[in-house]
Amino acid sequence: MNPSPTGPITESSAWQALQAHQREMQGQHLRRLFAADPARGERLALQAVGVYLDYSKNRITDQTLRLLLALADEAGLEARIASMFRGDRINSTEDRAALHVALRAPRGASIRVDGQDVVPLVHQVLDRMAGFTRRVRSGAWTGHTGKRIRNVVNIGIGGSDLGPVMACEALRHYSERDLRLRFVSNVDGSDFAEAVQGLDAAETLFIVASKTFTTQETMANAHTARAWLLAAMGGDAQAVARHFVALSTNAAEVSSFGIAVDNMFGFWDWVGGRYSMGSAIGLSTMLAIGPENFAEMLGGFHAMDEHFRSAPLARNLPVLMGLIGLWNNNFLGAQTVAVLPYEQYLKRFPAYLQQLTMESNGKQVRVDGTAVGCDTGAVYWGEPGTNGQHSFYQLIHQGTRLIPCDFIAFGKTLNPIGRHHDLLLANVFAQGEALAFGKTADELRAEGVAEALVPHKSFEGNRPSNTLLLDKLTPAALGKLVALYEHIVFTQAAIWQINPFDQWGVELGKVLAQRIVSELEGDAGALAHDSSTNALIRRYRQLKYA
């Protein structure tokens, strides 16, 4: 994204108008807004590409929306969207494009990066992934001893783990149940130990996901996996080639590890890790659900991409959600967003969104290096309903913090059992209603509640929420949901004038860890850290060698 010539967005006339509007909106309650407009629930809703969004339970009016759209216009959002889809180098601090939309472009489309059409390259990799997947799933690909592969262990971290973990869990209904998928990401040895517990090495395939093949945590786990395999194979190093594949671009390191370069699946520097689940990073997902379902997921991504690219801003799902989220954050003071999927298969979706949103928009300077001047990325968190209702919903309903909620639900269940789905959806709709309208002291008294309990049972309401309703959780629906939130992130970044595609904040800790690990393993006598870190290193060494 290019630096804005007009200064921080907080100095714009549109931002100032929104600040004045927020002051006018103080004291406005959703009860009053709905009473004044009986059709509000139908009017403030939008259906596109199979996604129905009810945004009526937000503290907004038509004027709020007009002012937010004026802010988007003043920030040049439409031009920034076009710039991304054009393949411009919008990741300015790393001087590269951010073109994850090319990963799901259909065969025959054309998207150019530095003059080269990258869509054919994307489909070459997808075709190779599909061929490999079919060989593994059919049993044509066997391990070193001739046994069929029945276990797949993905080794990665960050975007090389969170996306595949989430997708494999979300699409478990469509997966090959005879093929067990496990994931290792944490450098904590317990993660690896539990992932391989009970597995037969002769039936196990490892996928090592690291673009550079040098990521510290990933390569530590990869070398441990290699040692585990060789211990079971009598030390025969030739076994590595039949039990490891790489998702990487570093052919020399991959080959040195013992993986045949033919079994290396590449991707490109214009794909950020947290945007990469549609690339070779999704190989574990494709192995789980098959190439056809993977293609359907990519089709869902592309449908939302095209909607974001072409729909007018006022009828654009990611834009509306992004602008309303910015209103809640910057003008109503909400610091978090609760993502609440009422679908058990989406239990890892909030964790996936944490990286997507917070690694992208957790920034304090604009693209030109100057201070943003306002709060940026919100804290994303959540759990599936109805479990969350019995843990943290108390804080959302009656706590002192404003916590906007995104409810995600489906009209059809993948596992119809009795009344379960009706009960599930009843809870979705009831929670949104309760958050919006609450329960007044007078209503409680009319019900005969004892006066001493009235303050405790009162619900202020006026708590904002969106409800997303889709038909059912298909691979395409998952692609649409992920792309929706990707573009929400982009929308807000464009307004704040920040770069959502770099992540320099994760680097400092990595650099310091490289220095400290040698001090933990060697002589810790001459330490040059602060007194706290020095003491912790010495205490650890005492515990380690006691």
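Colleague: In this predicted model, how many residues does the largest nonpolar core have, and which of them have the most contacts inside it?

Modeller: In soluble globular proteins, nonpolar side chains tend to be buried together. Here the largest nonpolar core has 121 residues, and W270, F349, L478 and Y485 are those with the most contacts inside it. Helix 20, which spans residues 475–496, gives the most to this core, with 14 residues. A second, separate core has 26 residues, including V184, L199, V208 and A239.

Colleague: With which residues is W270 in contact, leaving aside its neighbours within four places in sequence?

Modeller: Once those neighbours are set aside, W270 is in contact with A97, A98, L99, H100, A102, L103, V113, V118 and V122.

Colleague: How many cavities of 30 Å³ or more does the structure hold, and what lines the largest cavity?

Modeller: The structure holds 3 cavities of that size, and about 200 Å³ of space lies in the largest. Its lining is made of 20 residues, of which M321, G325, V337, Y380 and Q492 are the closest to its centre. By class, the lining has 11 nonpolar, 8 polar and 1 charged residues.

Colleague: Which residues line the second largest cavity?

Modeller: That cavity, with about 40 Å³ of space, is lined by L103, V122, V125, L126, W268, G278, S279 and A280; by class these are 6 nonpolar and 2 polar residues, with no charged ones. Two of the lining residues, L103 and V122, are also in contact with W270.

How values were computed. Residues numbered from 1 in each chain as written. Predicted model: local features only at pLDDT ≥ 70, side-chain atom pairs only at ≥ 80, totals over all residues. Heavy atoms only, no water. Core = buried A, V, L, I, M, F, W, Y, C linked by side-chain atoms within 4.5 Å. Buried < 20%, exposed > 50% of the residue type's maximum accessible area, 1.4 Å probe, protein only. Helix = DSSP H or I, 4+ residues; strand = E, 2+ residues; numbered from the N terminus. Contact = heavy atoms within 4.5 Å. 1 Å grid on protein atoms, 1.4 Å probe; cavity = no way out; pocket = protein on both sides within 12 Å on 5 of 7 lines; lining within 4 Å. Points joined across faces, edges and corners; volume = space filled by probe spheres on them. Nonpolar A, V, L, I, M, F, W, Y, C, P; charged D, E, K, R; others polar.
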